[in-house]
Each structure stands twice: as structure tokens, then as C-alpha cells.
Amino acid sequence: MKTKMYALPALPYDYKALVPFLSEEQLKIHHDKHHKAYVDKANEVLGKLEIARREGTKIDVKAVSKNLSFQAAGALLHSLFWKNLAPKDQTQTEPTKIIGDEITKEFSSFERFRKEFTDCAINCEGSGWATLAYDRQTNHLVIMQIEKHNINIIPGLDLLLVLDVWEHAYYLDYKNERPKYVEAFWQNVNWQEVEIRLDKAILTLKQ
Ligand code: MN
């Protein structure tokens, strides 16, 4: 078995750190159960592939690729999501300098961006993600509405800010009221992390 596998990162804060946006119970089940399941299942696919190739047994490439895409994307998006959040006293409600300027350049104003991102999150059909991404081909900031974990993706974009709008992300705290969950999210965005990701994307572009 290859040693490089998908991993479940520890949360960068305490389970209670995001109250009242997310309760301890909601955050714990989301991270410890749901996120962990994507990591485990993605690794299971890698393990099965390795065995099948070693032993020369047949695989259903289409089904395996589809499953790996779903599980691995789920694992990755959650890892990005936890770092996009921060306890309220450790963050600010407005973006930091560079990302703030880029948002204003792209969307005309922060308020306009916030509204578009909020609409993207609220109107995602079924399970999915609202994301703000950076396209190195055009230098544009892009809002991507991802269905499930892996549908409607523009390949190769850098994911700067992601918001999980699967019911499992909010149902214990908000029941069916997704708009309330999305509204509360803005109080706990870690803008510093968004800025670090934009910095990295721009740096890579210059290299
Ligand atoms: Mn989730």
C-alpha cells in the first residue's frame, strides 16, 4: 500500500469556537463523521485500485473514477472549508486589503459580492457548495456553484472561499433554514486565509 493517502486534518480551533454560528454538536458531527467518511471512502478507492492492479483483476473504470471524484472532492472541500472559518473574535467581517481590493475590482463592491455569493449558496439545488475562486488564465475572481462535491467545476481554479450548503452542514442548528445559516456564516469568515490563498495563486502565476 502506498503511504500517501487522503487525511483528515484536525480542526484549527475548538469544537465550541464557532458558537453561535455552529454548535459544538453540529461542528463535531460534520467534521468527525461526515468529513471523515469522505476521507475514508476516498482512501478505500485508492486501496482497491492498488490491489486490483497488483492482482490483475478487472475494474469498472467509469464507476471507480466517478466515485473517486466524489469522495476525494468531498475530502478536499471540507479541508478548505474549516480553514475558511475562524472564531468571531479572531476575524473581521470585511475582507483584508488585497482580497478586498480584488473583490471590489471584480464585483464593484463588497456588498455586491456578498449578495452574489449568498444567492449562489441559497439557490444551490440539493447538496453542494458556494465558492469564490481565482482563475489564473484571466485574473478574474469567479463564483462557482458546485453541485454535490464535483459537478459544475471549472478545472484548475484556485478555491479561495468555500461554503458547504449540504443539509448535514447546518441541519442540527438551522433545520431547513439554509438562508439563516448562510447569513450567519459571514460573521465567521477567515479573510486572512482567503488572502493567503489568493497570494499563493498570484505567486504561482508569476513563477
Ligand atoms: Mn459537509
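Buried area is the accessible area (1.4 Å probe) that two parts lose on being put together, summed over both. With that in hand, here are some notes on the model.

1. **What you are looking at.** This is a predicted model: local features need pLDDT of at least 70, side-chain atom pairs count only at pLDDT 80 or more, and totals for chains, interfaces and linings use all residues. Residues are numbered from 1 along each chain as its sequence is written, and side-chain values use heavy atoms, with hydrogens and water left out.

2. **Two domains.** The chain is assigned domain 1 (24-87) and domain 2 (89-206); such bounds come from an automatic or database domain assignment. Taken over C-alpha atoms, their centres are 22 Å apart. Domain 1 brings 20 residues to the contact and domain 2 brings 29, where contact means heavy atoms within 4.5 Å.

3. **The interface.** Domain 1 and domain 2 bury about 2100 Å² between them, with 59% of that area from carbon and sulfur atoms. Gln26, Leu77 and Asn84 supply 32% of what domain 1 buries against domain 2, more than any other three residues. Polar contacts, however, join 20 residue pairs between the domains, both residues at pLDDT 80 or more. A polar contact is a pair of N or O atoms within 3.5 Å; within protein, one must be able to donate a hydrogen and the other to accept it, and residues adjacent in sequence count only if both atoms are side-chain atoms.

4. **Which helices touch domain 2.** On the domain 1 side, helix H1 (24-55) and helix H2 (61-83) each supply at least two residues. The largest share, ten residues, comes from H2. Helices here are DSSP runs (H or I, at least four residues), as are strands (E, at least two), numbered from the N terminus.

5. **The metal site.** The manganese ion is coordinated by His30 (NE2), His78 (NE2), Asp164 (OD) and His168 (NE2), at 1.9 to 2.1 Å. Donors are N, O and S atoms within 2.8 Å of the metal (3.2 Å for Na, K and Ca); water is not among the atoms, so sites may look incomplete. Along the chain the donors are spaced H-x47-H-x85-D-x3-H. His30 in helix H1 and Asp164 in strand S3 (residues 158-164) are 134 residues apart, a link between distant parts of the chain.

6. **Backbone points to check by eye.** Most residues other than glycine have a negative phi, and most peptide bonds are trans. Val19 and Pro20 are joined by a cis peptide bond, with omega about 10°, and Pro20 is in the segment before H1. Ser108 has a positive phi, near 80°.
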